[in-house]
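Please take a careful look at the chain shown here before reading the report that follows.

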Amino acid sequence: MIVAVALFELHIEYAQSLKEKRMVVKSLRDKLAHHFKVATNEVALHDVHHQSRLAISFITLEHAQADAMLDKIIDFIESNTDARLSGWTTEKLEFDPMAGL
């Protein structure tokens, strides 16, 4: 079992207020959750109206599935928001689903 976590930094050049930023971020979070069934949350830069950092996480069975999903998410973000994707980082954690608790 693979737990994939990604951080995406967005630049929202035209946002003149936190309200405008929140509209862009909420729209993107909703689209990602609906389209990919992933968990999303804004995790940093809450008081900066031109930038946002989103965390996305999901679970797959194999590394290749996680990589493919991350590639699709990156493409989706780049084509489905007015914000510019200025950077990202990802990590994959491997867990044994049969491990004793």
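## A charged residue to begin with

In this predicted model, aspartate 67 has a relative accessibility of 36% and therefore counts as partly exposed. Its side chain meets that of lysine 92 in a salt bridge, with 2.7 Å from N to O. Because lysine 92 lies in strand β4 and aspartate 67 in helix α2, the pair ties together parts that are 25 residues apart in sequence. Lysine 92, at 30% relative accessibility, likewise counts as partly exposed.

## The sheet and its edges

Strand β4 belongs to an open sheet of four strands, which are arranged in the order β2-β3-β1-β4 and pair in the antiparallel sense. The edges of this sheet are taken by β2 (39-44) and β4 (84-94), and because each of them has a single partner strand, one side of each is left without a neighbour in the sheet. On average, and with direction ignored, neighbouring strands are turned by 20 degrees against each other.

Between β2 and β3 the antiparallel pairing runs over five bridges, and glutamate 42 has leucine 54, in β3, as its bridge partner. As a general point, strands of a sheet pair through backbone hydrogen bonds, in either a parallel or an antiparallel way.

## Helices packed on the sheet

Helix α1, which spans residues 18-36, packs on the sheet and touches β1 (2-11), β2 and β3, while its direction makes about 10 degrees with that of β3. Helix α2, residues 63-79, also packs on the sheet, where it touches β1, β3 and β4, and its direction makes about 165 degrees with that of β4.

## The other salt bridges

The structure holds three salt bridges, and the pair of lysine 92 and aspartate 67 described above is one of them. Another joins glutamate 9 to arginine 53, whose closest N and O atoms are 2.3 Å apart. This pair links distant parts of the chain, since glutamate 9 is in strand β1 and arginine 53 is in strand β3, 44 residues apart. Glutamate 9 counts as buried because its relative accessibility is 19%, under the cut-off of 20%, whereas arginine 53 is partly exposed at 29%.

A further salt bridge is formed by the side chains of aspartate 30 and lysine 26, at 2.8 Å from N to O. Both residues lie in helix α1, four residues apart, which is about one turn of the helix. Aspartate 30 is partly exposed, with a relative accessible area of 41%, and lysine 26 is partly exposed as well, with 49%.

## A nonpolar patch on the surface

Which residues form a nonpolar patch on the surface? The patch is made of Met1, Ile59, Leu93 and Phe95, which together have about 360 Å² of accessible area. Isoleucine 59 is placed in strand β3, residues 51-60, and counts as exposed because its relative accessibility is 56%, over the cut-off of 50%.

Methionine 1 sits in the segment before β1 and, at 33% relative accessibility, counts as partly exposed. Although methionine 1 and leucine 93 are 92 residues apart in sequence, their C-alpha atoms are 8.3 Å apart in space. When its neighbours within four places in sequence are left aside, methionine 1 is in contact with several residues, among them the patch members Ile59, Leu93 and Phe95, and its contacts also include Thr60, Leu61, Glu94 and Pro97.

Conventions
Residues are numbered from 1 along each chain as its sequence is written. This is a predicted model: local features need pLDDT of at least 70, side-chain atom pairs count only at pLDDT 80 or more; totals for chains, interfaces and linings use all residues. Side-chain values use heavy atoms; hydrogens and water are left out. Patches are made of residues with over 30% relative accessible area and no salt bridge: like charges are joined within 9 Å, nonpolar side chains (Val, Leu, Ile, Met, Phe, Trp, Tyr) within 5 Å. Accessible areas come from the Shrake-Rupley method with a 1.4 Å probe; for residues, only the protein chains shown count as cover. Helices (H or I, at least four residues) and strands (E, at least two) are DSSP runs, numbered from the N terminus. Buried means under 20% relative accessible area, exposed over 50%, partly exposed in between (1.4 Å probe, protein chains only). Two strands pair if DSSP finds at least two bridges between them. Axes are lines fitted to C-alpha atoms, for helices over the stretch in contact, and angles run from 0 to 180 degrees between N-to-C directions. Contact means heavy atoms within 4.5 Å.
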